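Subject: The structure we talked about

Hi,

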Amino acid sequence: MNDDNNNETIMTDLKELLTQELVDAAKDAYNKAYAPYSNFHVGAAALTANGNIVKGCNVENASYGLTVCAERNCISNAVINGEQEFQLIVIYTEQDELTPPCGACRQVISEFFANDAPVVAVNHKNVQKIWTVSGLLPDAFTPKQLSNV
Ligand code: THU
């Protein structure tokens, strides 16, 4: 499939997948963020392969480097609840400039999501930006590499 067709398929899938329920879940997580140091609140919500919605927010620490982003907390929350496969993830902030996942989160997303799964940033004005997992982290190091050991 060429890139244009592939993007069209992703967009069609996305329209069906990205419900207001998911955006509301990401917003709800945003409202629970613990970010007293940066004051930069982030909420994430993922749709699992089973159709469940899981949430995560950023959780900072007085030892700043121990901060964990919303996306990674969202994925860990899902794994703890027995879900390891996902259809898409939404990242919610109240910034005019949309928030893409940081490098560490891109790596963790690549572990659990298909290459063509949508990663969606959305804000309080409902402005949205969509990437794919492999668009954010091409040639990711994944469990596939380890299967040759
Ligand atoms: N942060 C996230 O939670 N997700 C991102 O995609 C980018 C950054 C958090 C980490 C930290 O608590 C705050 O935003 C500022 O970097």
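Before the notes, one term: I call something a polar contact when two N or O atoms lie within 3.5 Å of each other, and within protein one of them must be able to donate a hydrogen and the other to accept it. Please also keep in mind that this is a predicted model.

**The chain as a whole**

The chain has 149 residues, and 39% of them count as buried. Its secondary structure comes to 6 helices and 5 strands, which follow one another in the order α-α-β-β-α-β-α-β-β-α-α.

**Asn 58**

Asn 58 sits in the loop that runs from strand 2 (53–57) to helix 3 (70–80). Is this residue, Asn 58, buried or exposed? Its relative accessible area is 5%, under the 20% cut-off, so Asn 58 counts as buried. A polar atom of its side chain lies 2.8 Å from the backbone oxygen of Phe 40, and that distance falls within the 3.5 Å limit given above. Beyond its neighbours within four places in sequence, Asn 58 is in contact with several residues, among them Ala 33, Tyr 34, His 41, Val 68, Cys 69 and Asn 73.

**The ligand**

Asn 58 is also one of the closest residues to the ligand, together with Glu 60, Cys 69, Ala 70 and Glu 71. In total, 13 residues surround the ligand, and this shell divides into 7 nonpolar, 4 polar and 2 charged residues.

At Pro 100 a polar backbone atom is involved, 3.3 Å from a ligand oxygen. Taken alone, the ligand exposes 370 Å², and the protein buries 79% of that.

**Positions annotated in UniProt**

An unreviewed UniProt entry gives "active site" for Glu 71. This residue, Glu 71, is in helix 3 and is buried, with a relative accessible area of 4%. Leaving out residues up to four places away in sequence, Glu 71 touches Ala 44, Ile 89, Ile 91, Pro 101 and Cys 105.

The unreviewed entry also carries a "binding site" annotation, which covers Cys 69, Cys 102 and Cys 105. They span 37 residues in sequence, but no two of their C-alpha atoms are more than 8.4 Å apart, so the three gather at one spot.

Cys 102 is in the loop between strand 3 (86–93) and helix 4 (103–112), while Cys 105 lies in helix 4. With a relative accessible area of 33%, Cys 102 is partly exposed, whereas Cys 105 is buried at 1%. Again not counting residues up to four places away, Cys 102 touches Cys 69 and Arg 72, and Cys 105 touches Cys 69, Glu 71 and Arg 72.

Happy to go through any of this with you.

Best wishes

Definitions and conventions. Residues numbered from 1 in each chain as written. Predicted model: local features only at pLDDT ≥ 70, side-chain atom pairs only at ≥ 80, totals over all residues. Heavy atoms only, no water. Helix = DSSP H or I, 4+ residues; strand = E, 2+ residues; numbered from the N terminus. Buried < 20%, exposed > 50% of the residue type's maximum accessible area, 1.4 Å probe, protein only. Contact = heavy atoms within 4.5 Å. Near = heavy atom within 4 Å. Areas by Shrake-Rupley, 256 points an atom, 1.4 Å probe, with all protein chains shown as cover. Nonpolar A, V, L, I, M, F, W, Y, C, P; charged D, E, K, R; others polar. UniProt positions renumbered as here; feature names shortened; annotations may be inferred.
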